[in-house]
Each structure stands twice: as structure tokens, then as C-alpha cells.
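Morning, everyone. Let me put the model up, and then we will walk through it chain by chain.

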Amino acid sequence: MTEERDLHPLEKKLLTYLENNGKSSDADIIRESDLPDEGSFRRAAQWLLSRELIIEESREEKVFVELGPLGTQNLEVGSSPELAMLRAVAGGSNSLQEIQQDTSFDRGRWGSAFGALIKGGLLKKADGKILFDGKPEETVFQKVWDLVYLPLSDGAEIRFTDLPENIAEIVESRSPRRGKSRAEFILNGIVTSILDITAEGREALKKSLETVTIGVMTPEILAEGSWKDARFRRYQVDIPPSRIHTGRLHPYRQFLDTVRKRFIGLGFSEMRGSLAENEFWNNDALFMPQFHPARDIHDVYYLEEGRSVPPPSDELEKRVAAAHENGGDTGSRGWGYRFSRRQSLQAILRSQGTSLSARTLGSNPDIPGKYFAIARCFRYDQVDATHLPDFFQVEGIVLGEKINLRYLLGLLKLLAEEIAGASDYKFLPAYFPFTEPSVEMHIKHPRLGWIEVGGAGLFRPEVCLPLGIDVPVIAWGLGLDRMAMLALGLNDIRDLITPDLSRLRNMKIQPDRLLTGREGGANA
Amino acid sequence: MPKIEVSRQDLFKLSRMKDPGDAELANLLTLVKGEIDYSLDDELKIELNDTNRPDLWCVEGVARALRCSEAGPFNHLADLPEPAGEIHVDEKLENVRPFVAAFTACGFGPDQKQLNALINVQEKLAASFGRNRKTAAIGFYRLDEISFPVKYRAVTPETSFIPLGEEREMTLSEILADTETGRMYAHLVEKADLWPLLEDASGSILSFPPVINSQTTGRVSPGDSRLFCEVTGTDWETVQLTAAILACNLQDRGASIAPVLVKYPASMHSEVQTPVIFRDSMTATTDEIRKVLGIDISLDSAREALLRMDYASVEIEGDTLTGILPPYRRDGIHAVDMIEDIAISIGLESFEPLLPEQFTIGHSAPVEELVDAVRTVLIGAGCEEILRPALSSWRKIKEITRTPTDPVMIANPMTEEYGVVRNTLLPGLLDVESTSAHASYPHRIFESGEILISGDDGVCRTEIYLAGLVCGNKADFGDVHSILGSICYSRDLDLSLRSVEDERFISGRCATVIINGRASGVIGEFHPAVLTEWGIARPASGFEINIDSLKE
């Protein structure tokens with residue numbers, strides 16, 4: 001017994017009741033004992049049974065017959081459809097159509113009664129007529145009426161086992177376990193068990209009454225020192241804890257935090273910028289021609305009339321405009337069109353984090369230098385399982401005298417291994433309007449196979465020179481939403497921004513595994 | 001990204017190579033920045049990533065690249081014969097649709113499948129590159145039914161002919177009003193007084209560009225091996241390049257191409273042989289090439305690489321290399337474009353990646369460090385972090401939440417639900433409450449994030465706000481006040497509140513947040529009317545401050 005825990009207050013109450021009242025049925029205990037409710041009784045009884053401090057003397061299931069919805073209807077009509085049909089046929093009606101004129105029951109119920117009577121051999125069909133050779137009041141359906149319906153209507157209890165065999169058969173066949181809304185009868189089983197205290201139970205109760213046991217510790221117990229003569233009730237320490245909701249960081253923000261820390265760890269400095277941009281920084285400075293399809297009104301969010309973002313300096317704008325029109329002094333032919341200042345100043349929501357890189361290039365960056373930004377971007381997409389109204393990209397630049405295509409590939413390799421957590425990756429020629437050469441990176445995902453996660457390129461001279469940068473610059477970017485979905489095990493991108501707190505609480509977070517490219521979360 | 005569907009058999013027949021299987025094909029497609037999107041039996045769908053290369057948006061273009069990488073350049077449209085005929089352009093078209101290019105292609109009689117492919121290219125080019133037939137639209141005709149010179153005229157909308165697929169003669173305005181194609185492209189011409197029309201020397205009408213061909217001459221059938229092709233449009237370069245691409249495609253199919261002379265009135269360009277061959281050239285020195293690629297490549301190897309990319313010519317003179325693009329390309333405007341072609345031709349896999357050698361120090365943006373510190377305090381205060389989109393709706397921010405200031409609206413929203421940029425985080429948190437009644441209470445939630453505000457002068461700027469909200473049976477003002485207090489205490493800032501009236505909150509339970517003497521935000525118990533509008537059934541209080549106010 002020493003290894004056993006002490007009696008729980010609920011257990012004590014149950015044992016006390018049994019000690020005082022002898023063996024008792026569960027219904028009596030629930031009704032009469034000090035146990036607060038049925039749930040407490042069941043728990044206490046289960047604990048005590050498992051420790052054999054009480055035993056179950058007997059256990060009996062009583063099955064009672066009750067009326068289902070169809071039975072209740074029969075009672076209201078004053079007859080079952082079978083009985084009514086037998087009476088009708090005995091009275092001279094001999095076609096189903098004729099009987100169905102009586103609207104006491106719907107056509108369906110008449111139909112199934114007919115089927116049952118034919119099947120039971122009570123009715124016969126000959127020459128298209130229905131025949132009944134007998135008296136309705138002598139059939140089994142009359143007995144069902146007398147032995148089941150009438151007593152139930154008087155409020156009597158009918159035990160299933162008390163019914164004669166042929167009646168019981170009919171009752172049981174009309175008591176479906178499923179689809180109770182179409183049931184004539186319902187069989188309701190009620191289990192009664194008789195419990196009694198065992199010798200060990202008496203012993204345990206006696207012991208627990210003799211000793212002062214301490215349940216919850218209080219400051220008084222400490223102050224008075226009463227614990228010295230008492231014993232502590234032993235807790236059952238292995239029961240599952242109840243769930244509490246702690247403060248916690250958002251799973252996607254944690255993912256973004258991890259990405260941020262890794263970039264800082266790789267020697268990148270963080271850039272920040274505005275959600276609203278003008279087309280100059282979002283597109284023009286990146287040498288995207290003003291007629292480029294991605295600049296169409298159907299691809300970019302324009303801010304309402306009258307809103308603006310501070311314009312670039314006149315001098316800078318002139319250089320960028322020249323690069324567009326005829327290449328200026330960048331060694332390029334340019335796009336050969338007339339640059340529009342008005343379009344350049346149009347305020348939009350930034351469609352790519354590259355606008356931050358352009359701004360950084362235009363404001364005396366460190367050379368050599370490495371920069372990154374985790375930027376919310378906006379694209380003109382219908383929101384669905386793969387598109388958000390706004391999404392996160394991590395983008396940036398690497399500048400330096402010696403930068404070339406091989407360093408660009410080396411950077412992508414670094415991003416694949418350190419940020420995407422991939423060990424298998426490949427590089428493919430790509431097209432971005434502002435870089436040349438351009439490369440995209442695909443990584444091998446264990447479940448999805450090859451997926452594109454990002455890309456990089458050397459900024460075109462038409463981008464760098466007007467911004468005052470005469471060293472090569474790598475521009476790179478990675479999509480984060482998709483990586484986060486993979487890491488968090490989500491299938492619907494909208495879950496990343498869900499307003500549903502319980503959904504959020506159920507997302508698992510394992511920041512150390514977030515970027516492995518494997519399924520980090522357990523929600524898949 | 002353009003996607004094209006091609007017949008695998010056709011692709012490899014045109015490439016003159018054996019089908020190497022999908023894995024090797026994927027590798028070859030790097031030459032055209034293409035990826036296999038779908039492959040089953042003869043069906044092949046290819047995604048092409050270079051939006052600047054309309055010549056690749058067809059099976060002929062992709063096949064051409066594969067073939068040349070093996071067999072070297074083809075010299076497309078070199079040594080063309082004398083013009084097969086003339087087109088005379090009406091000066092009244094100058095402000096309607098002035099440009100036209102044309103050629104004849106003889107000796108290739110397409111079967112039904114090839115004819116379909118031809119029509120697909122025509123549609124694709126006109127739709128994407130030709131901006132839905134605005135800058136360029138294409139027509140094919142049976143050459144033998146046309147007598148030169150063809151006239152490109154400006155005519156009145158009352159002019160009539162039988163359009164392709166119809167049975168009766170219709171006026172041009174009827175065509176725009178009563179045919180499906182007419183309605184689709186009406187906007188391209190209907191604003192002008194006179195509309196474009198192509199007719200031949202005998203006066204029989206070829207087509208009503210860019211809308212529809214005529215039923216009589218404008219119908220090409222399988223087996224027709226003598227074709228006349230024209231491209232009209234509003235953009236000179238687009239028209240010429242489109243014609244050149246089509247001519248190269250037909251040449252690849254085995255047709256002989258003859259140019260057509262286009263005579264413009266004196267007020268415009270005088271005369272020009274079409275399609276115009278641009279011969280765009282790029283020049284780079286050994287040093288420039290090596291500096292971009294990072295390898296010690298010789299000019300001879302660079303030349304070889306470019307010829308495998310079907311350059312029309314590559315000349316070396318001393319230390320410089322000059323490449324001329326084939327007639328179907330105009331995407332080379334700087335030496336770097338040619339240098340990339342060298343890299344693609346050599347193959348990226350042959351470049352050994354190098355890690356950056358130069359040392360740089362990584363920094364977090366200062367504001368992010370501040371935000372992180374505050375988030376940590378809030379987690380300690382038992383708050384759960386929320387992340388909501390930056391786009392919201394006027395209804396949520398203004399009508400339901402009653403935010404006093406107006407958010408910046410989007411001029412062209414996709415849906416009203418995302419029609420404004422948020423200027424406050426509180427509606428996002430209330431949204432969470434209205435969705436989370438089934439999550440056990442109390443709820444203590446917060447978000448820090450970007451919002452957009454506009455000054456009186458309309459100049460927009462992004463700020464980072466911090467908002468917190470407590471909701472539950474016993475949630476009240478004191479709860480959020482304590483949370484705010486713990487943030488200020490942790491940063492050694494003075495917090496005081498000054499009572500204020502704000503429609504979002506219950507009168508007398510709302511205040512301006514003052515941090516170190518500066519008004520920094522708002523705090524209050526949400527008004528029952530606001531909660532009811534949101535469908536929130538429990539009391540809630542919240543605060544919102546500008547994160548900058550925690551800086552000192």
C-alpha cells in the first residue's frame with residue numbers, strides 16, 4: 001500500500017457511502033451520496049474499481065421498449081398502418097390504390113405496411129386484387145397493439161425481455177439502430193451495476209479517516225506547522241495535464257524571424273522601406289520599360305488619386321529616363337521610347353522587394369556590401385489557397401568589385417543550403433527584366449520533387465550606372481510563403497494569416513527545423 | 001509566363017534530332033529558358049520564362065534553338081530574292097493603324113496539323129506580343145488569288161464584304177456590331193473615322209485588319225503551298241519583328257520566302273522592303289566578357305558559343321567581339337545580353353560556384369530589434385501574436401470599427417474586401433475575435449506590423465504600429481492598461497493617459513496614450529455597438545501605439 005497514492009476526496013465520499021449503506025446500485029449512489037455529480041461518481045468508481053477497493057457485485061442491462069416517431073404517429077392515429085390495412089381489406093377494399101385514399105398515413109407508410117403484410121403471408125394477391133382470409137383482431141399486429149402500444153400510452157414501462165417471442169421479433173425488427181427518425185420502436189438499454197466496498201476498501205477508508213491528510217498546500221499550513229503531524233495526500237502524477245494557452249509568437253513570424261537571423265548571420269544588413277512606392281523605384285529604376293506587361297494596371301495596385309510618394313531627385317530621374325530612352329551613358333541602346341515622368345510618379349503598392357534594393361543602391365551603399373529585406377509585396381491576384389492579398393519575399397543585393405556569375409551561383413548555393421535547407425539543388429537560366437545574366441534556383445523537396453524557390457542575377461548596367469554604382473551587383477530573391485507552408489506543414493496559404501485563434505493555437509512551431517526543406521510541422 | 005503546347009514528334013522532326021527523353025529535353029530547354037510543364041505521349045507543354053523572346057512562343061522557335069545548338073547557325077532570311085510584290089499604304093491610315101509588313105512563302109503545303117500550329121502561332125503572337133492585335137495582327141492568304149500591288153487603304157465604315165465564316169456581305173460597322181470577333185476587337189478601330197482595309201489590285205478585299213479576313217481570299221486550307229502573309233499594327237518594331245518571326249518559322253518548315261515592298265506616302269517613311277531585318281549588334285571586349293562570367297574564356301570560344309545560339313554573325317576584331325542577332329530577335333540592347341547568351345550556350349553547370357570572399361558585417365534594422373524586444377515582453381504577458389494582411393476593407397476599418405482616420409484607398413482594387421491599405425491594426429484584431437468565439441477564453445492577442453498613413457498633402461508613409469486586445473467574460477480596460485504599462489516599464493518610459501472621446505470606445509473609458517510626454521496612440525474599452533457589429537459576444541478592450549514612441 002505504501003506505493004499506492006492516498007484516497008482522493010471523491011473516492012473517500014464513495015467509500016463512505018458504501019460503508020454506511022452496504023451494497024448499492026449506481027443510481028442510488030448518484031442520487032443519495034455526497035458526490036457532486038454523475039461524472040464525479042463515475043471517475044471515483046473507476047479509480048476504486050481499478051485498485052479493487054470496491055467491486056462490482058453484479059451488472060445488469062435492462063432493455064426498455066419505447067415508441068419511435070412512427071410509433072407515436074400510430075398512437076395518434078389509433079392504429080398501426082398494418083392493422084388499419086387488414087381492417088380495410090377485411091371490410092371490402094381490395095386494391096392498394098383504394099386504401100391509399102385514406103390519408104391517415106402517407107403513401108410510403110401504406111406501401112411499406114403492404115409489403116410487410118405480403119411478406120408475412122397475411123395478405124395475398126390474386127388477379128390484381130388483395131385478399132385477406134382471417135380476422136384482423138386475431139393477428140399478431142393486434143397483439144402488438146394490445147401488448148405494446150396500449151401499455152405505453154398508459155405510461156407503463158415495458159421490458160423487452162418480458163414480451164412474447166413473436167411480438168419481440170416484430171418490435172426488434174422495427175427498432176433500427178440508425179435512422180431513428182424513421183423508427184416505430186426504440187430499444188433503450190439501461191445498465192445498472194451494484195457496487196460494494198471490499199475489505200481493502202474498508203481498510204483504506206479507515207486509514208484515511210485516521211490520518212490528517214493534506215490536499216492543497218496553504219500558507220496557513222506552513223505558518224502553523226500543522227504539516228508536521230499530517231501526511232500529504234499522494235497525487236497521481238501521471239495523469240495528462242490540462243491544456244493552457246500560453247503567450248506565444250505567431251508561427252509564420254517565427255519562421256520570418258529565423259530567416260532574418262540567418263541572413264544577419266551570413267553578414268547581410270537589413271533594409272526597410274515603404275509599402276507604398278512610386279513607379280520610379282518599383283520599376284523605372286530597375287530598367288523595366290514603362291510598357292512592360294508586368295506594369296499593367298491589371299498587375300499592380302494603384303493608390304487613389306491624390307496620394308503620392310516623395311519623387312526622386314531631378315538629376316537621378318534624368319539619368320534613369322535617359323537609360324530607358326536611349327541607354328544614356330550606360331553602353332545600352334535603351335528601350336527606344338519616350339519616358340513618362342507622370343507614370344514614373346504614380347503611387348502604387350510595391351510589387352517587389354527589389355524596390356528596396358534600388359533605393360539602397362541609390363543611397364551610397366557599402367562596397368563591398370550585402371543587404372537583405374523581408375518585404376511585404378502586393379500582386380494583383382484573386383485570393384485563394386495559393387495566393388494571399390499580400391505576401392512576403394526576402395530579397396537583396398550583394399555588391400563588390402569582383403562580383404561575377406560564379407559568385408552569383410555561389411550565393412545561390414549558400415541560400416539553398418543555409419536558408420532553404422536543401423542539399424540537392426540546381427540552377428537554370430532565367431529571365432528577370434532587371435538582371436542579365438539571370439539564374440533561377442530549384443531545390444529538391446523530399447515530398448514534392450523539384451520546386452523553384454528563388455533566383456538571382458547581375459543587375460543590368462542600365463540599373464546600376466544611373467544610380468551611381470559602378471561595381472557589379474547581384475540581385476537575389478526568395479519566395480517565403482511557399483517555404484513557410486512547407487515548413488509549417490500547411491496546404492492552404494491562407495492559414496498563414498488565419499484570424500482563427502484555435503487554428504493558430506494548433507499549429508506546431510519548431511523554429512530549429514523550419515528551414516530544412518523537410519516537413520517541419522506536424523500539421524500536414 | 002507564356003506556355004505553349006507542341007507535338008513532340010513535330011518538335012524533334014524540326015530539330016532534326018532523336019527524342020532524347022524528358023530528362024535530357026529538360027536540360028536542352030535551358031537554352032530557351034524553358035521548362036517542361038506537362039508531358040504525355042506526343043503532347044508536350046513547355047513554359048517559357050523569357051517574356052522578351054516572342055520568337056520562342058512556338059514549336060518552330062524552340063526547335064530552331066535545339067537544332068542550332070547542335071548544327072550551328074542557319075542564316076535565316078539571308079539572300080532573299082527580289083520582292084514578290086508591293087503594298088501601297090494610304091496616308092489617311094497614319095493615325096489609325098499605319099504599319100504593315102508582308103512576305104510570300106512558297107513550297108510548304110501544311111497538312112491540317114501544321115496548319116493548326118500555324119494558326120496557333122498567329123494567335124499567340126497577336127494576343128501576347130501584339131497586345132491583343134493592337135500593336136500587331138496577322139493574316140494569311142492564298143497567294144494565287146491575289147494580284148499585286150496590294151492596297152492598304154483607309155475606308156469608310158460603310159464599305160462591305162463577306163467576312164470569314166459568314167454567308168452574306170456585311171458593312172464594316174455591321175461586322176463590329178454583329179460578329180463575335182468584331183465585338184472583341186471593335187475598340188481597336190471604332191474611334192477613327194476611317195478604318196483599315198486590305199484589297200488587291202483587282203479591288204477584291206483581303207481583310208479588315210485587325211478584325212477579320214474575307215471569306216473569299218482570306219481562307220487557307222491544308223495543302224495550300226503558296227501563301228501571302230501580312231502583319232499590320234500600330235507599332236513599327238512589333239510589326240516588323242512579328243513578320244520576321246513568321247517568315248523564319250515558314251523557312252524552317254521548308255518554304256522559300258520572298259519579301260514584299262511596302263510603299264508609304266511621302267508624309268511617312270517612303271518605301272521599305274519587309275520584313276525588315278534589324279541585325280542588332282552588340283560588342284564586348286575579352287575583359288568585359290571575363291569580368292561578367294568569371295572565367296578565362298577566349299574570344300574564339302565565345303564566338304563558337306554564340307554561333308550555337310544561331311547568331312547571324314560573330315566577328316572578332318583584335319580584342320573585341322561583335323555579334324549580330326538573328327532576324328527573329330531584338331532582345332539584345334547591351335553587351336551583357338550577348339554575354340548571357342555565351343553563358344547559356346556553355347551551360348551554367350560548367351561554372352564552378354564561388355563563395356563571396358569579402359567580409360561584411362550583418363545588421364538588423366534598428367526598428368526590428370525594438371519590435372522584437374516588445375514582442376518578447378508581450379509573450380511574457382501571456383499574449384498570443386497575430387499576423388494579418390496589410391490590405392483590408394473600408395467597411396471593416398471605417399463602418400464597423402468606426403476608425404476616425406481614413407485609410408488610403410486602392411484605385412483599382414481586385415475586390416472590396418482588399419480595397420484599402422490598413423491604417424490601423426485594431427480591425428484585424430477584432431476580426432480575430434469575431435472568428436474565434438470557439439477558442440477558449442480569455443483571449444490576449446497582439447500584432448505589430450506595417451500600416452500606411454497619408455499626410456494632408458497626400459504623401460504616404462509606412463509606420464510600424466503595435467496593437468493589443470483582451471477579450472473575455474471579465475476582460476476590461478485595466479487588462480490592456482496593464483499590458484501597455486508593462487511594455488513602458490520594461491523600457492523605462494513614462495506612461496500616462498489622457499481621457500478622450502473616440503467613437504470606437506465607450507465614453508469615459510478611452511484615452512490618448514502619452515509616452516514620455518508625447519501622444520503615441522489610443523487605449524479603451526470597445527463600444528458595445530462596435531462589438532455587436534463585429535459579432536463579438538464578450539467585452540473587449542484594446543490599445544494601439546506607434547512603435548516609434550518606444551524608441552527613447
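**Domains, sheets and the A–B contact**

In chain A, the centres of domain 1 and domain 2, taken over C-alpha atoms, are separated by 54 Å. The domain bounds come from an automatic or database domain assignment. For chain A, that gives domain 1 (9-53 + 198-232), domain 2 (66-185) and domain 3 (252-275 + 351-513).

Some ground rules. This is a predicted model, where local features need pLDDT of at least 70, side-chain atom pairs count only at pLDDT 80 or more, and totals for chains, interfaces and linings use all residues. Residues are numbered from 1 along each chain as its sequence is written, with chains lettered from A and ligands numbered from 1 in the order in which they are written.

Confidence next. pLDDT is the predictor's confidence in each residue, from 0 to 100. Chain A averages 88, with 96% of its residues at 70 or above. Chain B averages 93, and 99% of its residues score at least 70. Within chain B, helix 4 (residues 112-129) has the lowest mean pLDDT of the elements, 88. Strand 28 (residues 540-546) of chain B has the highest, 98. For the complex, the predictor gives an ipTM of 0.90 and a pTM of 0.78.

Where does pLDDT stay under 50 in chain A? Over residues 517-524. The model has 31 contacts for that stretch beyond four places in sequence. A contact here means that the C-beta atoms of two residues, placed from the backbone, lie within 7 Å. Where pLDDT is low, the predicted coordinates should not be read in detail.

Now the helices of chain A. Helices (H or I, at least four residues) and strands (E, at least two) are DSSP runs, numbered from the N terminus. Helix 1 (residues 9-21) and helix 10 (residues 199-210) of chain A have axes that come within 10 Å and cross at roughly 115°. Axes are lines fitted to C-alpha atoms, for helices over the stretch in contact, and angles run from 0 to 180 degrees between N-to-C directions. The crossing of these two helices is left-handed. That term means the near helix is turned anticlockwise from the far one by less than a right angle; clockwise would be right-handed. Helix 1 of chain A contributes K12(A), L15(A), T16(A) and E19(A). Helix 10 of chain A answers with G201(A), R202(A), L205(A) and S208(A). By class, this contact has two nonpolar, three polar and three charged residues. For the classes, Ala, Val, Leu, Ile, Met, Phe, Trp, Tyr, Cys and Pro count as nonpolar, Asp, Glu, Lys and Arg as charged, and the others, Gly among them, as polar.

Staying in chain A, strand 13 (residues 425-429) and strand 14 (residues 435-445) run antiparallel, joined by five bridges. Strands pair if DSSP finds at least two bridges between them. Y425(A) has I443(A) as its bridge partner in strand 14 of chain A. These two strands form a hairpin with five residues between them.

Over to the interface. How many residues of chain A are in contact with chain B? The count is 76, against 74 residues of chain B. Helix 17 (residues 405-419) of chain A gives the most to the chain A side, with eight residues. That side has 39 nonpolar, 19 polar and 18 charged residues.

Chain B has domain 1 (3-71), domain 2 (86-274), domain 3 (281-347) and domain 4 (366-550). The C-alpha centres of domain 1 and domain 3 of chain B lie 23 Å apart. Nine residues of domain 1 of chain B touch seven of domain 3 of chain B. The domain 1 side of that contact has three nonpolar, three polar and three charged residues.

Last, the strands of chain B. One open sheet has three strands in the order 1-3-2, with antiparallel pairing. Its edges are strand 1 (3-7) and strand 2 (34-40) of chain B, each pairing on one side only. Neighbouring strands there are turned by 25° against each other on average, direction ignored. Strand 1 of chain B pairs with strand 3 (residues 43-48) of chain B over five bridges, and S7(B) has E43(B) as its bridge partner.

Finally, a hairpin: strand 17 and strand 18 of chain B, with two residues between them. G318(B) in the turn has a positive phi of about 60°.
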